[in-house]
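This report describes a single protein model. It covers aromatic pairs, the nonpolar core, selected residues and overall totals.

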Amino acid sequence: MRLTTPKTRKPPESADMAGVLGGTEIRVAYKMGYVLNFYREPAFRRIETEYGITRPEIVTLIFLVCRDGATARDICRFSGHLKANISRGIIALETKGLLRREKGKGDARLQRLHITEAGRALYKRYMPALKSRERAMLACLTKGERTAFEGLLDKLAAHVPNWGD
């Protein structure tokens, strides 16, 4: 099923954008947020509208495809989402038959989360739109620039635990 294109806001004109993005005291973080917002927001809104799942549900399914058997705490630590939001998402996904919980061995409070076949099928339905959006985001970069950019992102991501709270 193709995702419909909802009305989305257009990025500001170049002069306006340069003034804001270059004028803030947190230029790098602000630019990263700007780019990520224009990647994520329209794509997630489409998924929410088309498939009836929320952002915490989307994030949880993506995480479980990569790391089946994770806990809610793992997802929160990785994504930065609030525990209450992820917990609600997990309950909704379980109700919809998209994931199942398994009590941890030795600790009944620990629950391992497993994506179901239906969850994996839904993920496969919305992931092409996210991949397409990523390709559009990176289209202005050469292959070498993409490789360098990904390397820098890997380095930044590896450094996140050192930021402190």
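## Aromatic pairs

Y123 and Y126 are three residues apart in helix α6, so about one helical turn separates them. Helices (H or I, at least four residues) and strands (E, at least two) are DSSP runs, numbered from the N terminus. The model is predicted: local features need pLDDT of at least 70 and side-chain atom pairs count only at pLDDT 80 or more, while totals for chains, interfaces and linings use all residues. Residues are numbered from 1 along each chain as its sequence is written, and side-chain values use heavy atoms, with hydrogens and water left out.

Three aromatic pairs are found in a search of the whole structure. Rings of Phe, Tyr and Trp (its six-membered ring) pair if their centres lie within 6.5 Å; planes under 30 degrees apart count as stacked, over 60 as edge-to-face and the rest as tilted. One of the pairs is Y34 with F38, which is tilted, at 5.1 Å centre to centre and 55° between the planes. The ring centres of Y123 and Y126 are 5.9 Å apart and the planes are at 70°, so this pair is edge-to-face. Y34 and F38 both belong to helix α2 and are four residues apart, about one turn of the helix.

Burial is assigned from relative accessible area: buried is under 20%, exposed over 50%, and partly exposed in between (1.4 Å probe, protein chains only). F38 is buried at 15%, Y123 is buried at 16%, and Y126 is buried at 0%.

## Nonpolar core

A nonpolar core is a set of buried Ala, Val, Leu, Ile, Met, Phe, Trp, Tyr and Cys residues joined through side-chain atoms within 4.5 Å. The largest one here has 27 residues, and those with the most contacts inside it are I53, L61, Y126 and L130. At least two residues of this core come from each of α2 (27-51), α3 (55-66), α4 (72-79), α5 (83-95), β2 (111-115) and α6 (117-138).

Contact means heavy atoms within 4.5 Å. Apart from neighbours within four places in sequence, Y126 is in contact with I47, Y51, I53, I58, L61 and I62.

E57 lies in helix α3 and is buried, with 3% relative accessibility. Its side chain makes a polar contact of 2.8 Å with that of T54. A polar contact is a pair of N or O atoms within 3.5 Å; within protein, one must be able to donate a hydrogen and the other to accept it, and residues adjacent in sequence count only if both atoms are side-chain atoms. Beyond neighbours within four places in sequence, E57 is in contact with G89, A92, L93 and K96.

G52 lies in the loop between α2 and α3 and is partly exposed, at 44% relative accessible area. With the neighbours within four places in sequence set aside, G52 is in contact with I47 and K96.

## Cysteines

The structure holds zero disulfides (pairs of cysteine sulfur atoms within 2.5 Å). C66 is exposed at 67% relative accessible area, and C140 is exposed at 66%.

## Overall totals

The protein has seven helices and two strands, which run α-α-α-α-α-β-β-α-α from the N terminus. Of its 165 residues, 28% are buried. Among contacts between residues at least 6 apart in sequence, 53% join residues at least 24 apart.
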